Amino acid sequence: MKKRIGMFALAAAAMAAVPAGYNHWTVEQIDAKAKTLPAKMTSVKVGVESLANWGNHSMSVVHREGSGEAELHETQADILFVRGGDASIVVGGTIPNGKTTAPHEIRGPKIEGGEKQALHAGAILHIAPKTPHQILIEPGHKLDYYAVKVDVH
């Protein structure tokens with residue numbers, strides 16, 4: 001009888017366990033990570049903290065105080081969720097003098113012929129693979145967002 005009760009308790013605990021691949025971050029955990037980002041900014045004024053990587057997709061929290069390079073991901077889609085701040089994004093067009101900087105990644109100083117759109121808190125963006133894009137930030141401004149990268153080979 002004790003053995004059955006023990007097995008039942010073990011089975012119930014296993015059923016209640018969080019499934020593999022599940023992650024949950026509270027607003028307090030995200031805010032704590034976000035507070036560390038200004039100190040981690042690179043020379044191009046961007047700080048990134050990876051939250052998780054699940055093989056074919058990953059998620060990061062990002063803080064920007066400067067414009068980024070023009071970029072194009074050949075095999076990844078970007079999904080951005082703007083948390084706060086304001087900036088612009090240029091999408092489409094071409095990246096003149098673009099160079100391969102990593103496998104399946106092209107970067108350059110600017111986009112020509114793209115469309116400029118405003119970014120504010122609450123905005124959500126999906127940027128398909130092979131789509132040139134560039135975040136532009138005016139001096140004195142910042143942008144905070146979540147970035148989800150999805151491999152779409």
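The largest pocket in this predicted model has a volume of about 450 Å³. Its lining comprises 21 residues, and those nearest the centre are Arg64, Glu71, Arg107, Tyr145 and Lys149. By residue class, the lining of the largest pocket splits into eight nonpolar, six polar and seven charged residues. Two or more lining residues come from each of strand S1 (46–53), strand S2 (57–64), S3, S4, S6, strand S9 (133–136) and S10.

These strands belong to a protein with two helices and 10 strands. Read from the N terminus, the order of elements is α-α-β-β-β-β-β-β-β-β-β-β. Among contacts in the protein with a separation of 6 or more, 73% are between residues 24 or more positions apart. Of the 153 residues, 31% are buried.

Side chains of opposite charge can pair when their charged atoms come close. The model has eight salt bridges. One of them joins Glu71 and Arg107, with 3.2 Å between the closest N and O atoms.

A second salt bridge is formed by Lys149 and Asp78, with an N to O distance of 2.7 Å. It too links distant parts of the chain, since Lys149 is in strand S10 (residues 143–151) and Asp78 in strand S4 (residues 76–91), 71 residues apart. Lys149 is partly exposed, with a relative accessible area of 24%, while Asp78 is buried, with a value of 5%.

The salt bridge between Glu112 and Lys110 has its closest N and O atoms 3.5 Å apart. Here Glu112 is partly exposed at 40% relative accessible area, and Lys110 is likewise partly exposed at 43%. Elsewhere, salt bridges with shared partners join Glu69, Glu71, Glu105 and Arg107 into one network.

In soluble globular proteins, nonpolar side chains tend to be buried together. The largest nonpolar core in this model has 14 residues, and Leu80, Ile89, Leu125, Ile135, Leu143 and Tyr145 have the most contacts inside it. S4, strand S8 (124–127) and S10 each supply at least two residues of this core, with S4 giving the most, namely four.

What does Ile135 touch, leaving aside its neighbours within four places in sequence? Its contacts are Arg64, Ser67, Gly68, Leu80, Ala87, Ser88, Ile89, Leu143 and Tyr145. Leu80, Ile89, Leu143 and Tyr145 are also among the core residues with the most contacts.

A second, separate core has six residues, including Ile30, Leu37, Leu51 and Val148.

Note on methods
Residues are numbered from 1 along each chain as its sequence is written. This is a predicted model: local features need pLDDT of at least 70, side-chain atom pairs count only at pLDDT 80 or more; totals for chains, interfaces and linings use all residues. Side-chain values use heavy atoms; hydrogens and water are left out. A salt bridge is a side-chain nitrogen of Lys or Arg within 4 Å of a carboxyl oxygen of Asp or Glu. Buried means under 20% relative accessible area, exposed over 50%, partly exposed in between (1.4 Å probe, protein chains only). On a 1 Å grid over the protein atoms alone, a cavity is a set of points where a 1.4 Å probe fits but cannot get out, and a pocket is an open set with protein on both sides within 12 Å along at least five of seven lines; lining residues have an atom within 4 Å of a point. Grid points are joined across faces, edges and corners, and a volume is the space filled by probe spheres set on the points. Ala, Val, Leu, Ile, Met, Phe, Trp, Tyr, Cys and Pro count as nonpolar, Asp, Glu, Lys and Arg as charged, and the others, Gly among them, as polar. A nonpolar core is a set of buried Ala, Val, Leu, Ile, Met, Phe, Trp, Tyr and Cys residues joined through side-chain atoms within 4.5 Å. Contact means heavy atoms within 4.5 Å.
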